[in-house]
Structures are given as structure tokens and as C-alpha cells.
Amino acid sequence: MTTDDLTRQIRDLHAEATGALAAATDAGAVEGLRHDLLGRSGRLTAILRSLSTVPARERPAIGQLANGVRGELEEAIAQRLGELGGRDLEARLEAERLDMTAPGRPVRVGHLHPLMTVERDFREIFHAFGFEVFEGPEIETDEMNFEALNIPPDHPSRDLWDTLFIAEPGSDPPVPAADGTILRTHTSPVQIRAMRALEPPIRVIMPGRCFRYDAVDASHSFEFFQVEGLVVDETTSLADLKGTLIEFARALYGRDTRTRFRPGYYPFTEPSVAFDVGCLVCGGSGCPACRRTGWMTILGAGMVHPHVLRAGGIDPDRYQGYAFGMGLDRITMLRHEIPDLRLLMAADLRFLDQFAGGR
Amino acid sequence: MLVPLAWLREYVDVPMSPEELAEHLTLRGMEVSGIEVTGADWTDVVVGRVLAIERHPNADTLWLTRVDTGDGEALEIVCGAQNVEAGQLVPVARVGAVLPGDRRIERSKIRGLVSNGMLCSAAELGIGSDADGIHVLGTADEHAPGTDLRQLFGEVVLDVDVKPNRGDALSMIGLAREIAAFTGGTVRWPDATVDESEESTDGHVSVRIEEPELCPRFTARWFDGVANGASPEWMQRRLLAAGMRPISAVVDVTNYVMHELGQPQHAYDAAGIHGGEIVVRRGHEGEVLETIDHVARRLDERMLVIADRERAIGLAGIMGGASTEVGESTTAVILESAVFHGPTVRNTARRLGLRSEASMRHEKGIGGELPRLAADRAAHLLQAITGARTGRGIVDSDPSDKPARVVRVNVERTERLLGIALDARLMADLLAPLGFAVVDVGDGAVDVTVPPHRLDVVAAEDVAEEVARSYGYGEIPAPLPAPALPPFRSDPTEPRHAVRRILAGLGLDEVVSHALVGAEDLRRTGYDPADGAVIRVANPVSEAHAILRPALYPSLLAELAENVRQRRTDPWLFEVGKTYHHQPAGVTVPGVETAGTGRIEIWHVGLALLGPRTPRSIGAPARDADVDDLKGVIEALHVAIGAPVPAYRPESVDELHPHLHPGRAARLLDPAGHPYGSLGEVHPRVAEAWGIAGRPVVAAIHLPRLLALVARAPAVPVPTTQPIDRDLAVVVDAATPLGDLLRIIRTSGGPLVVEARPFDAYRGAQVGEGRVSYAIALRFQPTAASDEKGVEKALNRISGSLRHHLGAEIR
């Protein structure tokens with residue numbers, strides 16, 4: 001074969017292969033072309049093998065041409081394969097299109113009870129003020145629930161707490177237990193327990209369930225939750241109580257919350273305090289919820305009575321402090337604008353599912 | 001206490017609106033809980049002049065009146081009262097008027113004649129007790145026809161919440177004192193001058209006090225010549241506005257003085273008292289007294305009674321007896337004005353259900369010279385109103401002068417308690433308007449002389465409160481909270497809140513329910529409410545809340561049932577709450593709360609699942625929760641809180657919870673094999689009793705025991721070798737507990753086995769009758785590359801143990 005023949009052959013093959021590559025519509029056809037041209041017994045391979053028949057003088061030029069074409073073809077094949085592969089993926093992705101407007105597959109979401117989220121917020125606020133949490137039993141003695149708190153038997157202030165009595169075991173009809181065991185009517189007995197268990201300086205809040213002989217209506221129940229607070233040290237004053245309560249109210253209801261600090265009465269505090277916030281329903285202009293006063297009482301407080309300090313084993317000549325107590329139910333109702341206390345204990349998920357776990 | 005403002009103004013100037021007064025009183029601790037205007041519920045009742053009257057043509061007892069109500073046109077009104085006369089000014093309820101009790105006046109036909117309204121009696125207007133006659137307002141030009149009647153009778157009434165320690169403020173005078181203290185005004189005392197007759201009181205009354213502790217003071221005045229008709233209209237109106245019912249002149253005077261001065265009194269018909277002797281003594285067991293409400297009261301030793309020499313004639317401080325009740329025929333009266341022991345009065349009144357305005361005041365204490373002052377004031381009124389003659393002198397069990405109480409107060413301590421700057425002079429200035437005298441005794445102390453009516457002020461702290469009230473609570477500074485104590489703060493509630501967060505995160509809804517449940521709740525759940533271990537309440541509000549729950553299960557089932565009633569198909573609930581128990585003798589249970597009363601309280605976490613975890617969706621059918629879902633939640637809770645996952649032991653017949661399916665009930669076991677909870681499917685009969693369709697699963701876990709399992713373990717470094725996974729097919733007898741099989745794998749495989757998870761179970765011909773093939777995915781974690789041989793050895797040990805202990809065939 002002459003050099004010119006060979007050169008023409010190589011050029012023709014190049015042109016033919018280029019056309020065939022362009023015409024190939026899938027990767028399989030390209031692979032077939034590669035095999036046909038560049039494989040072990042491919043046509044270009046055969047040409048390269050036949051270079052030995054070319055005169056040695058002309059061999060470098062023709063070899064360069066053949067190898068150049070081989071390189072170009074390899075590149076063209078790779079490029080064509082890339083093009084065709086991309087087109088396949090696109091086709092697949094197109095085929096995999098989903099209806100992205102469909103709703104998600106449901107994941108179950110649980111809800112915390114609003115009473116407990118509010119309790120958590122109380123703890124966080126008072127944690128920041130340096131308070132610990134302390135707890136006491138719900139089944140209490142008359143001594144702890146009343147007498148240690150400066151409420152003697154048949155004292156008129158006992159009217160503030162109608163008591164549920166634990167029955168004497170085996171009595172039928174049931175009569176109050178001879179040992180005077182009752183259900184605590186407030187969390188205040190935990191003050192005594194905290195004072196007996198801890199050394200001043202004491203700074204504690206005491207959440208818990210309480211019980212009273214009270215008919216059930218939209219704002220009363222025989223069971224409810226309170227949070228008690230107690231500070232005992234050598235210097236804490238009525239002014240400190242006021243400052244702490246104002247900060248608490250702002251933390252709970254917002255920076256601009258209006259507050260009112262006024263005299264109250266509890267046998268276990270002296271002086272005693274009632275603490276109001278501007279009505280959360282009407283903002284203070286007066287509405288049925290605040291009995292047209294513009295204010296809502298959210299807690300009672302005062303300086304711990306010396307008798308109570310003494311009952312707690314604290315020397316009232318050296319130590320003083322304040323205590324406060326508030327209804328978790330009432331504060332929860334005010335925060336979430338819950339119209340009826342009974343909803344809180346009703347286990348009705350139509351009600352409970354609306355409360356998000358966050359704020 | 002209801003306080004008619006016009007009445008109050010008689011004793012002190014009130015230079016402000018009712019709203020401002022309410023605000024001031026509230027800020028000084030006398031909380032005003034409401035301001036009402038009586039008569040505000042009248043609409044369209046006006047003054048009318050009767051122009052003419054004539055007999056009703058069809059009825060002898062009725063009149064046809066023509067009445068001018070100021071609009072120029074006379075109204076024809078039919079009237080049945082016999083005291084109506086031409087020229088009178090009378091209250092006219094026009095058509096459309098509304099009277100107390102929501103009584104609406106309409107144009108009506110009475111015996112054939114149209115009546116365009118109604119002429120009103122005092123009772124119809126709620127301003128007096130007289131229901132028989134028209135309430136005549138005048139006969140000359142006292143009022144212009146057409147005047148709204150509210151202008152004549154409308155009365156502003158404050159509802160004042162006087163605190164239990166301020167019995168001294170439970171009267172017009174008491175509030176007047178408070179008001180004068182902040183307005184700088186003067187209290188005007190009522191006239192208590194008495195014009196005594198020649199007849200000596202001593203000759204008609206004597207008093208013997210057998211229980212001086214329970215009756216510190218008893219005064220008695222004697223009257224004759226009493227004409228006990230109705231009290232004057234102004235007095236009746238005031239009493240009604242204050243919430244008291246007018247009875248008769250004598251009784252009304254005692255009630256009037258009680259509201260005016262705060263001293264309860266009782267008037268006895270002297271004719272009913274044998275020998276004129278009054279004895280103050282304890283009741284006798286079995287003694288019976290008929291009180292003026294005509295109820296026979298059985299007396300006992302705990303009650304203080306007033307008696308004559310033969311029998312009880314009254315319950316001291318609470319209610320008089322029927323035998324000495326004053327009536328229209330009464331001519332001679334003995335008036336009691338006494339102080340009784342508050343707790344005794346309170347106890348008796350409560351036991352008899354007879355709490356009254358009088359008993360309430362005795363409970364809270366009556367101070368100073370009040371009994372005698374009130375006796376004289378009542379005498380003054382009785383003379384003026386009933387024409388009574390007052391006997392000469394007064395019987396008084398303790399006429400001695402009482403020394404004023406003096407409280408020594410350290411000024412610096414008061415400053416420290418209140419957080420305000422004080423000195424002796426400022427304290428004197430603050431306390432003087434409240435009637436306290438302050439003397440500087442040096443050494444930073446003052447002596448504070450307490451006015452006799454302030455029984456509540458006995459200690460320095462009480463004085464501090466008066467200082468603060470006078471200073472103004474609003475003026476007290478409000479420093480920021482003191483800096484936090486060192487940051488470690490104990491919080492026993494935190495682990496419970498962690499449990500709540502985890503369970504909510506697992507998709508369960510939190511419920512808070514009552515600790516008090518009913519016998520029916522226990523019965524439905526399969527428990528015996530008569531069980532001696534159950535703690536009952538002696539005075540439950542209702543039978544549905546009479547028992548402290550001995551388990552969370554009745555609550556959980558009630559919660560499921562509630563949601564089933566609401567057509568909820570998938571309640572997955574949890575509750576963190578206490579159960580209540582008698583403490584077993586000699587046993588102390590760790591982690592429980594007790595007041596040392598022999599009763600204990602144990603926190604539990606309860607779980608209740610019914611229906612699918614998620615509703616059906618495209619490509620994911622719904623599947624109802626079963627015991628394995630419940631275990632999954634329990635195990636996830638353990639993992640999340642850092643406790644080892646429990647083992648399960650089927651409940652045996654002896655220990656089976658009555659509410660659980662006998663074949664689907666288990667105890668949770670901790671790694672030491674101690675039970676700390678139970679779980680299972682609810683017994684179909686129990687589910688039915690609660691009206692729960694479907695197959696609920698429930699669990700309860702002893703929370704202190706669960707939390708005790710949480711231990712802080714040192715972190716394990718990441719292994720340097722790859723884990724090795726092997727699947728094992730084990731054919732065993734179908735009755736073999738899977739828990740046992742897995743335990744054998746873990747114990748025989750040793751620490752290399754980090755996971756053994758059954759993922760398939762096959763029963764069928766290929767494994768033989770009564771056999772089951774479990775496919776178990778094992779993951780081994782060698783500690784070094786050389787341990788791969790150890791894994792093979794462990795597999796051999798596992799196979800060997802399974803064959804040996806369970807007769808297993810390994811495939």
C-alpha cells in the first residue's frame with residue numbers, strides 16, 4: 001500500500017467515525033464504534049499495524065497522523081459518551097418527578113401540658129434569681145399546714161382554706177383521721193420543711209399540687225397547683241420582695257407590665273402583701289375579668305412571720321425574709337386566655353393539642 | 001362587708017368619688033371588690049302625684065287612680081292598696097319599668113280596666129319590708145312629679161373585703177377611722193347619750209359568768225316601756241343596703257349598732273328570763289335549745305351558751321333562743337353587749353352551720369370599750385325609736401380600765417425589715433393618724449402605744465406593717481433581685497421535666513388529671529375500692545373524687561375514655577403524677593415523699609396508647625398501637641434519659657394487674673432483676689367497662705426507681721476496628737420466650753456482642769410443628785483487629801449455649 005493510500009484511508013476513517021459518532025444515539029452504539037475502530041481488531045488498530053509496510057523514511061509522518069487521529073477519536077468518543085450519559089440521567093430525573101405539593105408523611109408530635117410549661121418558665125425565671133427548687137408532700141399534718149404557719153385551730157383565718165381531711169382507715173362512713181392528717185391546702189407548709197432542711201441563706205421555690213374543699217366552677221377546683229417562694233437571710237427586706245416580684249412579673253408577662261404592690265393579709269406573713277398586674281385582658285381600662293378595677297391579683301406575699309421562722313427552726317432575731325405564693329392554674333389561665341379552669345384537668349386533646357412546647 | 005356610702009359619710013367626710021375611695025381603701029389593705037348602686041336595677045320608676053282616685057267599678061277592693069308623672073298627661077293606674085289618697089306623692093313604675101327580681105311592668109287589664117303601670121310598695125322596690133301599702137313619698141311638694149326614683153333612693157354600696165385580722169374595721173366607724181387616717185379628716189362618733197330612768201337595772205338583771213375565759217366581758221342594760229313596732233324607714237333602708245333584713249324596731253337597732261360600731265348585740269324579752277338572772281356557761285351534753293329560727297339545737301360541752309337559772313336561752317355570739325325572742329308584745333328588754341371567745345364561737349357556729357354577721361365579728365375579736373359604748377348607743381336609739389325607758393346603771397362583768405398595750409420596736413430592725421429609711425420622728429408621724437402614739441425611749445427603740453381597737457397589733461412586725469401601710473406600699477423602693485447565689489442549684493423537678501420533654505418528643509401528649517378519683521373509677525379498672533390500702537378523704541367534694549389514686553391506671557383509662565368520647569381515634573398519652581399509699585409497717589421506700597403520717601406518695605409516669613402512631617397516608621397504612629409499640633416508647637425513654645433498657649417478665653397469675661390481659665402483661669425489670677413498673681394490653685372487659693373500643697395498651701413506671709437507674713458512665717472511645725455483622729437463624733420451641741433467647745445470646749457471647757436484634761420470625765412446615773425460627777441480627781465489636789478470631793469463638797459459644805439451654809437448632 002502506498003503512503004498516499006494509507007493517508008487517505010486514515011482520513012476517510014476519521015471522517016466516517018466522526019459522522020458515526022455524531023449519529024450514535026446511545027452509549028451502546030458509541031461503545032460498539034470504539035470496539036470497531038480502536039479495539040484489538042479495530043480498523044484504526046489494523047492501520048497502525050500495517051505501518052510496518054510503509055517505507056521507513058515515510059513512517060514517522062504517517063505514524064504521527066494515525067496516532068493523532070486515534071487520540072482525537074478517543075477524545076471524541078469520551079465526549080460523546082459524556083453527552084449521551086448526561087442525557088440518560090436527565091431522562092431518569094425527568095421520569096422521577098414527584099408531586100411536590102403533596103403533604104408530608106405524618107410524624108407524631110407530642111404536646112406538653114400548659115401547666116407544666118408555665119411551671120418550667122417559673123423555674124427558669126427564679127433559677128436566674130438564684131432560687132433552688134424544694135418539694136414537700138401533699139398529704140400533710142394539720143401542724144405543718146396550719147399551726148406551724150401561725151394559724152391556730154379555730155382561728156378565723158382558717159376560713160381562707162377549706163380543708164379536705166384524710167379519712168380514718170376503716171371508718172365507714174368516713175371520719176377525719178384521728179392523727180389530723182389532711183391534704184395540704186397550700187404549698188406554704190413546704191416553707192417549714194425547707195427551713196428545717198436548709199441553712200440560711202435560703203432561696204427556694206416550691207411548686208406542687210394542693211387541695212381544698214371547694215366546689216368546681218370556671219375558676220375553682222378542689223385540686224389546683226401553687227408555686228411558693230421563700231427567701232431567708234439576714235437582710236432581705238419588703239423592698240427586696242417588691243423588686244423581685246416586679247422583675248418576675250416582667251419576665252413572665254413582658255417588660256412593660258404594670259404592677260401594684262399593696263397590703264394583704266396572711267397569718268404567716270407580717271407585713272403581708274397582695275401583688276397585682278395590670279389586667280391582661282383589657283390592659284387596665286376595666287373589664288369584667290378584672291371586675292372593672294384594671295388590675296388582677298396574681299399572688300400573695302409578705303415578710304415571714306417570726307412565729308413561722310421559729311417553727312422552721314430559724315432564729316427570728318437574726319434572720320428575716322419573705323415568702324410568696326401564687327396559683328399556677330390562674331397564671332396559666334391568664335397567660336393563655338383560658339376561660340375555664342376545668343379545661344386544664346379534662347384530658348381533652350382537642351384542648352391540649354393547641355399548646356406548643358415552646359413559649 | 002356591704003358599706004352604704006351615704007351611711008358611712010355620717011361618720012367621716014369622704015372628699016372623693018366612690019371609685020377613688022375604693023382605690024384608696026384597696027391600696028391600704030381594705031380591698032374593695034365591687035361598687036354597686038342599689039336601685040340601679042329600677043328602670044323607669046318615677047315620682048308621681050295622685051290627682052284623683054275612684055272605686056274600681058268592678059271590684060270593691062281596687063281603686064282607679066289618675067296619676068301625674070310629670071309629662072303633662074295623667075296615667076290611669078289600677079291600685080289595690082288601701083292607703084292611697086289624692087294629693088299623695090307616690091312611686092310609679094311606668095309601663096316598661098323593671099323592678100327588683102326582674103319584674104317587668106306591662107300595660108294590663110285588671111277587671112276590665114286598663115292599668116298603665118303600677119304604684120309601688122316599699123317591698124316591691126326593695127327599700128323596706130312594708131308590702132301592704134303604697135310607699136308614700138310625701139303629700140306636699142317634697143319631690144317634683146317625674147323625678148327618677150333613683151335620685152331619692154339610689155344608694156352607692158361598696159363591697160369591702162375586710163381581712164380576718166381587722167375585726168375592728170368591720171363597721172362604719174372602723175372604716176371611717178381608716179378613711180380619716182389618710183384624708184386627715186375627723187371621725188364623728190354617733191350620739192350615745194342615755195337618759196336613764198329611776199328604775200335600777202340591778203333590780204331586774206344579774207349576770208353570772210361561769211366561764212370567764214370564754215366570756216371576758218358581758219354588759220347588760222334593761223329597758224321597759226318598749227313599743228316594738230317597725231323601725232323607721234331610714235334605718236330599714238340602711239340595713240337593707242348593708243344586706244340585713246329589717247325585723248322589728250328592737251332587733252333592727254341591735255343590727256344597726258352592730259354595723260355602725262362593730263359590736264354584735266342581742267335583745268332578750270325580759271319576760272322570758274327566769275329571775276332576771278343571766279348565766280354564761282358551757283352547754284350540757286344532751287341539752288336542747290330551740291333557736292329563733294325554730295330549729296331544735298342539741299348542745300354540748302364545747303359550746304358556750306347564755307342561760308337563765310333554768311335553761312339555755314341563747315348560743316353565745318351566734319343566735320338567741322325562741323323562748324326569749326322579742327316580738328310585738330314585748331315591753332321589757334334585756335340588751336346583751338358582750339365579748340365572747342372567738343375560737344369557741346367559730347367552732348360552734350361552724351358545727352351548727354349558723355355563721356352570721358354577729359358570729360363573724362366575735363370570731364375576729366371585739367376590742368376596747370366597744371361593749372359599753374354600743375350598749376349606750378343602742379339605748380339612745382331604743383329610747384328615740386321605741387319610746388323605751390332605760391334602767392339606771394349597767395351590769396358590766398368587767399368595768400375596770402384596761403391598760404393600753406405598748407409594743408417596743410427597734411427602729412433599725414424596722415428599717416431592715418421594710419427596706420426604707422426611718423427614724424423615731426418619722427415613725428411617730430406615720431403612725432399618729434392611725435391612733436398609735438410613739439415615744440422615743442433611746443437606744444434606737446420606740447415604745448408604740450396601740451389604740452384599744454387594734455387587737456391585731458401585738459408585736460414589732462405588726463407595727464412595721466402599719467408603718468408600711470401609712471408610708472404607702474407603692475412608695476416602697478423596688479431594688480433589683482439580689483445577685484444570684486453560687487450557680488449550683490438543686491432542682492428535684494428537673495428529671496421529671498426531662499421525662500416529660502422526652503415523651504412529648506416521642507409523640508405523646510401530656511395530660512394532668514385529678515389525684516382524687518372515685519370508687520367507680522377503681523371498680524371499672526378492676527380494683528377494689530373497699531381495699532384497706534386505699535386512702536380516702538373524709539369529706540369529699542363529690543363521690544367521684546373521694547379516693548387518692550392508688551395507681552395511675554384509673555386516670556389513664558379515664559383519659560383514654562374521654563378522648564374516645566370526643567371521637568379521637570389515636571390518643572397517645574402520658575401523665576407524670578403521684579400515687580398514694582399507706583406505708584407498709586417497718587418498710588422504708590426510697591425516693592418517696594411523706595409527711596411522716598404513715599402515708600406515702602410516689603411519682604409515677606403513666607403511658608396509654610390507643611390507635612395508630614400516625615394516621616394512614618399514601619404508601620403508609622395506619623397500624624394500631626400494640627404492646628411492642630408501647631415497649632418501643634418505654635425503651636426510647638430509657639435510652640434518652642440514660643438508663644439501661646429494661647427486661648420484661650410476664651406477670652404471673654398471683655401478681656397480675658386486674659386491668660391487664662392475662663397473656664399480655666409484664667413487669668419491667670432493672671438490670672438487678674427488680675421490678676419497677678408494669679405494662680400490657682388492657683383487659684377487654686376493662687376496656688369495655690370504660691367504653692373504650694379497640695385495644696389500648698398502658699404502662700406505669702415507678703419514677704424514683706427509673707431515675708435511680710440513670711448513671712453517669714465514662715465515655716467510650718470510638719473503636720479502631722470495624723464491627724462484624726452476622727445473621728443467625730435459630731429454631732426453637734414456639735413457647736420459648738424470646739427474652740430468654742436474647743439473654744442467652746448476650747451472656748454467652750460476652751462483651752463482644754453489642755447488638756442482638758430479632759428481625760424475623762417464621763412458623764411453618766419447614767421448621768416443624770410447634771417450632772419457630774427466629775432470624776437475629778448480631779453485631780460484634782472486636783476491640784482489636786486480632787479479635788476477629790474471638791468473634792468466631794463467641795459465635796460458637798452462642799450456638800452451643802442455645803443448643804444446650806433451649807434445644808435450639810442453629811441454621
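1. The C-alpha centres of domain 1 of chain B and domain 6 of chain B lie 85 Å apart. Domain 1 is made of two stretches, 2-39 + 156-183. The others are domain 2 (43-153), domain 3 (196-396), domain 4 (406-472), domain 5 (494-708) and domain 6 (724-810), with bounds from an automatic or database domain assignment.

2. A word on conventions: this is a predicted model, where local features need pLDDT of at least 70, side-chain atom pairs count only at pLDDT 80 or more, and totals for chains, interfaces and linings use all residues. Residues are numbered from 1 along each chain as its sequence is written, and chains are lettered from A and ligands numbered from 1 in written order.

3. Now the interface: chain A brings 83 residues to the contact and chain B brings 87 (contact: C-beta atoms, placed from the backbone, within 7 Å). On the chain A side, elements giving two or more residues include α5 (114-128), β4 (202-211) and β7 (269-278); α8(A) gives the most, with eight residues. Helices are DSSP runs of H or I, at least four residues, and strands are runs of E, at least two, numbered from the N terminus.

4. Within chain A, have a look at α1 (residues 3-23) and α4 (residues 59-95), whose axes come within 11 Å and cross at roughly 5°. Axes are lines fitted to C-alpha atoms over the stretch in contact, with angles from 0 to 180 degrees between N-to-C directions. α1(A) and α4(A) are therefore roughly parallel (angles under 35 degrees).

5. Among the residues that meet there are A:L6, A:I10 and A:H14 of α1(A), and A:I62, A:L65 and A:R80 of α4(A).

Technical notes: Two residues are in contact if their C-beta atoms, placed from the backbone, lie within 7 Å. Angles under 35 degrees count as roughly parallel, over 145 as roughly antiparallel, 65 to 115 as roughly perpendicular and the rest as oblique.
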